[in-house]
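My entries follow the order in which I looked things up.

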Amino acid sequence: MKLSIIGAGYVGLVTGASLAELGHDVIIMDIDRARIEKLDKGIIPIYEPGLDRLINKNSESISFTTKMDEVIREADIHFICVWTPPLKDGSADLSAVRAVARDLGKAFAKRKIKTPIIVTKSTVPVGTGKAIRQIVRKEYKNDFSVVSNPEFLREGQAVADMMHPDRIIVGSNDEESAKTVASLYQDLRAPIIITDIATAEMIKYAANAFLATKISFINEVANVCDLVGADVESVAEGIGMDKRIGKSFLKAGMGYGGSCFPKDVRALQQFANHNGYDFKLLKSVIEVNEQQRQMVVEKLINNLVTLKNKNIFILGLAFKAHTDDVRESGAIDLIIRIQKQGAKIRAHDPLALLNARRDLDDEIKFVAQPYQGAQGADAIVIATEWPEFRDLDWSVIKKQMRNPLIIDGRNLLDPRQMRSHGFIYEGVGRR
Ligand code: UDX
């Protein structure tokens with residue numbers, strides 16, 4: 001089938017490349033000319049393992065454009081993959097989605113196409129499908145359908161998540177269109193849930209909010225473990241083996257970050273509120289997430305008495321390992337909090353140094369080598385769970401530090417091993 005992807009960002013490129021891999025012809029559009037020119041030359045503007053290979057492999061069936069007219073000429077099903085960043089009050093900014101809907105409506109009207117289908121992939125609050133219908137309807141009087149087909153892509157594993165999904169959600173108030181969109185994925189052999197559009201939109205928010213809740217829950221359990229001398233890693237293992245609970249998303253630490261969880265939890269809380277419901281649980285989920293970063297600051301102060309003029313070395317800046325993304329990163333939040341206490345900060349990340357530099361001030365010294373950062377440090381904080389930090393020569397690091405304190409905000413290192421090197425080691429909820 002001929003499909004268009006509107007928005008050549010992370011979701012759009014992964015969706016487009018994967019749909020091409022499934023045998024469809026895909027035209028990917030973006031208003032950013034420079035981005036499209038790069039893509040035309042085979043340069044992938046985002047870091048996502050496996051994406052360049054997938055795009056190159058399917059280059060015959062993927063084309064790029066900046067023109068909506070071309071999109072309409074080439075495709076019958078249009079995936080909206082533009083961003084929905086958070087507004088100040090936490091609600092989702094839908095201006096890009098609305099603009100695309102308007103442009104699609106105008107372009108449909110010019111060509112009078114037979115029943116085009118608009119699919120929302122972007123995470124949009126419940127009711128957006130209905131709003132898109134109204135916007136397009138103003139421009140285009142013939143038949144068209146709106147379908148919600150949310151993505152559940154994790155950065156760093158997005159290609160695998162797209163090609164091996166746990167489930168596919170297709171929501172529409174028009175059964176035929178829902179079946180058409182579902183058929184695009186038939187080769188994936190994943191369970192497909194067909195539902196109405198509001199339910200599909202809600203599934204995306206409920207999934208992310210539930211996962212965030214799991215993280216805040218285990219973080220609170222970890223905080224109690226710290227007080228009573230229990231070990232959260234073993235608690236997580238013990239409860240995770242209960243199939244009703246499940247093992248994943250029970251890693252205690254400095255809380256969740258990234259471009260999805262913080263935004264989606266706040267947006268769900270916001271639109272629940274707009275509709276007259278106070279989502280109490282989510283308020284606590286957000287509060288606990290913030291508290292986890294502050295607790296690292298407090299652990300530092302407890303050990304160092306004051307942070308004024310202390311050298312703190314932050315290992316990890318990305319919001320999680322295997323990405324260069326620092327959006328809503330716990331590490332960045334933590335650095336700002338520590339800076340407020342008057343500490344001097346050095347930071348290292350295997351991939352995210354450049355992006356972090358943009359978000360932080362010039363006072364911070366970014367180092368290319370972890371050993372450089374440890375020189376004269378009063379404490380090291382592990383802020384991202386990069387596995388390579390485990391393989392550092394910690395005996396060398398210990399010799400370089402002024403004071404051998406490690407606060408492991410991600411429970412990455414082995415406490416026993418660190419203590420045997422002579423470090424004062426504190427994790428989150430670990431004995
Ligand atoms: C997430 C969802 O997983 C994905 O389905 C959705 O569509 C987009 O948001 P992503 O933001 O890439 O994906 O990251 P994910 O791997 O889910 O981790 C999110 C955050 O939670 C990270 O900061 C991570 O460090 C943290 N996390 C995750 C924990 O603190 N503990 C855990 O057990 C799991």
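**Entry 1**

I began with Thr-115, which counts as partly exposed because its relative accessibility is 36%, between the cut-offs of 20% and 50%. I note here that I am working with a predicted model. Thr-115 sits in the loop between H5 and strand E5 (117–120). I checked its backbone next. Phi of Thr-115 is positive, about 35°, although this residue is not a glycine.

I then turned to Glu-328. Here too phi is positive in a residue other than glycine, with a value near 50°. Glu-328 belongs to the loop between strand E9 (311–315) and helix H13 (330–340). Is it buried or partly exposed? I found a relative accessible area of 37%, so Glu-328 is partly exposed.

**Entry 1: helix H1**

I wanted to know how the length of H1 compares with expectation. This helix covers residues 10–21, which makes 12 residues. At 1.5 Å a residue it should span 16 Å. I found its end C-alpha atoms 17 Å apart, so the two values agree.

How many of the residues of H1 are buried? I counted 11 of 12, so I wrote the helix down as mostly covered, with buried meaning under 20% relative accessible area. Among the buried ones are Tyr-10, Val-11, Gly-12, Leu-13 and Val-14. Further along H1, Ser-18, Leu-19 and Ala-20 are also buried. Just after the helix I came to Gly-23, which takes a positive phi of about 100°.

An α-helix has 3.6 residues a turn, so residues three or four places apart point the same way.

**Entry 2: helix H9**

I moved on to H9, which runs over residues 197–228. It has 32 residues. From its first C-alpha to its last it reaches 47 Å, close to the 46 Å expected at 1.5 Å a residue.

What caps the N-terminal end of H9? I found Asp-196 there. One of its side-chain oxygens lies 3.2 Å from the backbone nitrogen of Ala-198. Just after H9 comes Gly-229, and its phi is positive, about 75°.

Within H9 I picked out Lys-204. It counts as buried because its relative accessibility is 4%, and the cut-off for buried is under 20%. I looked for a partner to its side chain. A polar atom of the Lys-204 side chain lies 2.7 Å from the backbone oxygen of Glu-151.

**Entry 3: the ligand**

An N or O atom in the side chain of Glu-151 is 3.5 Å from an oxygen atom of the ligand. Leu-250 has a backbone N or O atom 3.2 Å from a ligand oxygen. For Phe-319, the distance from a backbone N or O atom to an oxygen of the ligand is 2.9 Å. How much of the ligand does the protein cover? On its own the ligand has 660 Å² of accessible area, and the protein covers 92% of that.

I then listed the surroundings. There are 20 residues around the ligand. The closest are Glu-155, Lys-251, Gly-257, Phe-319 and Lys-320. By class I counted 9 nonpolar, 3 polar and 8 charged residues in this shell. Helix H9 gives the largest share, 3 residues. Which domains take part? Domain 1 (2–194) and domain 2 (211–426) each supply at least three residues of the shell.

His-78 lies in strand E4 (residues 77–80). Its relative accessible area is 0%, so it is buried. I compared it with Leu-3, which is 75 residues away along the chain. Their C-alpha atoms are separated by 5.9 Å.

Leu-94 sits in the loop between E4 and helix H5 (95–111). At 13% relative accessibility it counts as buried.

Leu-315 is in strand E9. Its relative accessibility is 0%, so this residue is buried. Val-367 is 52 residues from Leu-315 along the chain, and the two C-alpha atoms are 10.0 Å apart.

Terms used
Residues are numbered from 1 along each chain as its sequence is written. This is a predicted model: local features need pLDDT of at least 70, side-chain atom pairs count only at pLDDT 80 or more; totals for chains, interfaces and linings use all residues. Side-chain values use heavy atoms; hydrogens and water are left out. Helices (H or I, at least four residues) and strands (E, at least two) are DSSP runs, numbered from the N terminus. The expected span of a helix is 1.5 Å times one less than its number of residues. Buried means under 20% relative accessible area, exposed over 50%, partly exposed in between (1.4 Å probe, protein chains only). A residue is near a molecule or strand if one of its heavy atoms lies within 4 Å of it. A polar contact is a pair of N or O atoms within 3.5 Å; within protein, one must be able to donate a hydrogen and the other to accept it, and residues adjacent in sequence count only if both atoms are side-chain atoms. Accessible areas come from the Shrake-Rupley method with a 1.4 Å probe; for residues, only the protein chains shown count as cover. Ala, Val, Leu, Ile, Met, Phe, Trp, Tyr, Cys and Pro count as nonpolar, Asp, Glu, Lys and Arg as charged, and the others, Gly among them, as polar. Domain bounds come from an automatic or database domain assignment.
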